[in-house]
Amino acid sequence: MSQRGISEKVQEMFNIGYSPEHAGFTAIPWMNRIGDIANIKYRSVQGKKFFYSKGAEPIHRLLYGAHLHQAIKEVGSVVVVEGEVDAMSFWTAGIPAVAVGTSKINETQLRLLISLDSEEVVLGGDNDFQGQLLNKQVATGVLGKSVISLLDYGVHKDANDVLTSEGEGGII
């Protein structure tokens with residue numbers, strides 16, 4: 001994760017690690033809202049291959065980063081992104097973010113997002129068609145419950161692309 005620009009502090013916040021059982025993969029725990037590990041995503045350190053723990057809570061019932069609800073509430077704003085690395089990219093820059101784990105948000109995840117009681121929800125889907133669809137789904141789901149803002153990544157594809165290209169200052 002350090003090669004992707006994710007700070008050591010943020011890696012610790014999210015309990016990022018390795019498992020000897022899954023050599024060559026980074027362990028990315030998904031916590032429930034109270035901070036218990038509900039599932040673990042194992043992502044290859046070489047490419048984009050990944051898999052989840054068998055028999056664990058499905059990620060479509062979780063919102064990555066929602067266990068940090070106190071910090072989100074203190075700031076009053078949260079960015080909604082697709083993937084865990086993008087969420088951690090924002091946290092590295094000191095900006096609270098949550099990830100849905102895909103390019104679609106479902107009703108369970110929307111309820112979790114609304115329960116964060118954030119004054120502002122920032123739409124941070126990837127800079128592509130699927131990311132724009134996610135942004136529309138989130139905006140529709142929180143309409144009337146939070147102020148909605150939209151991020152513009154410019155020439156970059158997502159938050160981590162901004163972080164690795166321009167550093168923490170570029171993501172703000």
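Q: Ile6, then: buried or exposed?
A: Ile6 counts as buried because its relative accessibility is 3%, where buried means under 20% relative accessible area, exposed over 50% and partly exposed in between, with a 1.4 Å probe and protein chains only. This is a predicted model, in which local features need pLDDT of at least 70 and side-chain atom pairs count only at pLDDT 80 or more, while totals for chains, interfaces and linings use all residues. Residues are numbered from 1 along each chain as its sequence is written, and side-chain values use heavy atoms, with hydrogens and water left out.

Q: Where is Ile6 found, and how many residues apart in sequence are Ile6 and Glu168?
A: Ile6 is found in the segment before H1; helices (H or I, at least four residues) and strands (E, at least two) are DSSP runs numbered from the N terminus. Ile6 and Glu168 are 162 residues apart in sequence, and their C-alpha atoms are 9.7 Å apart in space.

Q: Switching to the core, which residues have the most contacts inside the largest nonpolar one?
A: Those are Tyr64 and Leu113, in a core of 45 residues. A nonpolar core here is a set of buried Ala, Val, Leu, Ile, Met, Phe, Trp, Tyr and Cys residues joined through side-chain atoms within 4.5 Å.

Q: And which elements give two or more residues to this core?
A: They are strand S2 (25-31), strand S5 (77-81), H3, strand S6 (97-99), H4, S7, H5 and helix H6 (159-166). H3 gives the most to this core, with five residues.

Q: What does Leu113 touch?
A: Leaving out residues up to four places away in sequence, Leu113 touches Leu63, Val78, Val80, Val98, Ile105, Val121, Val138 and Val142, contact meaning heavy atoms within 4.5 Å.

Q: How many residues of H3 are buried?
A: Nine of the nine residues of H3 are buried, so that helix is mostly covered by the definition of under 20% relative accessible area. The buried residues include Glu84 and Asp86 as well as Phe90 and Trp91. Just after H3, Gly94 takes a positive phi of about 85°.

Q: Now pockets: what volume has the largest pocket?
A: The largest pocket has a volume of about 380 Å³. Of the 16 residues that line it, the closest to its centre are Lys41, Arg43, Lys48, Gly83 and Asp126. On a 1 Å grid over the protein atoms alone, a pocket is an open set of points where a 1.4 Å probe fits, with protein on both sides within 12 Å along at least five of seven lines, and lining residues have an atom within 4 Å of a point.

Q: Which element gives the most to that lining, and what is the lining by class?
A: H3 gives the most to the lining of the largest pocket, with three residues. By class, the lining has three nonpolar, three polar and 10 charged residues, with Asp, Glu, Lys and Arg counted as charged and Gly among the polar ones.

Q: Where is Asn127, and what does its side chain reach?
A: Asn127 is in the loop between S7 and H5, and it is partly exposed, with a relative accessible area of 36%. The side chain of Asn127 reaches the backbone oxygen of Gly154 at 2.9 Å, and a polar atom of that side chain lies 3.0 Å from the backbone oxygen of His156. A polar contact is a pair of N or O atoms within 3.5 Å; within protein, one must be able to donate a hydrogen and the other to accept it, and residues adjacent in sequence count only if both atoms are side-chain atoms.

Q: What about Asn135, buried or exposed?
A: Asn135 is buried, with a relative accessible area of 5%, and its place is in helix H5 (residues 129-142). A polar atom of the Asn135 side chain lies 2.8 Å from the backbone nitrogen of Gly125.

Conventions:
Grid points are joined across faces, edges and corners, and a volume is the space filled by probe spheres set on the points.
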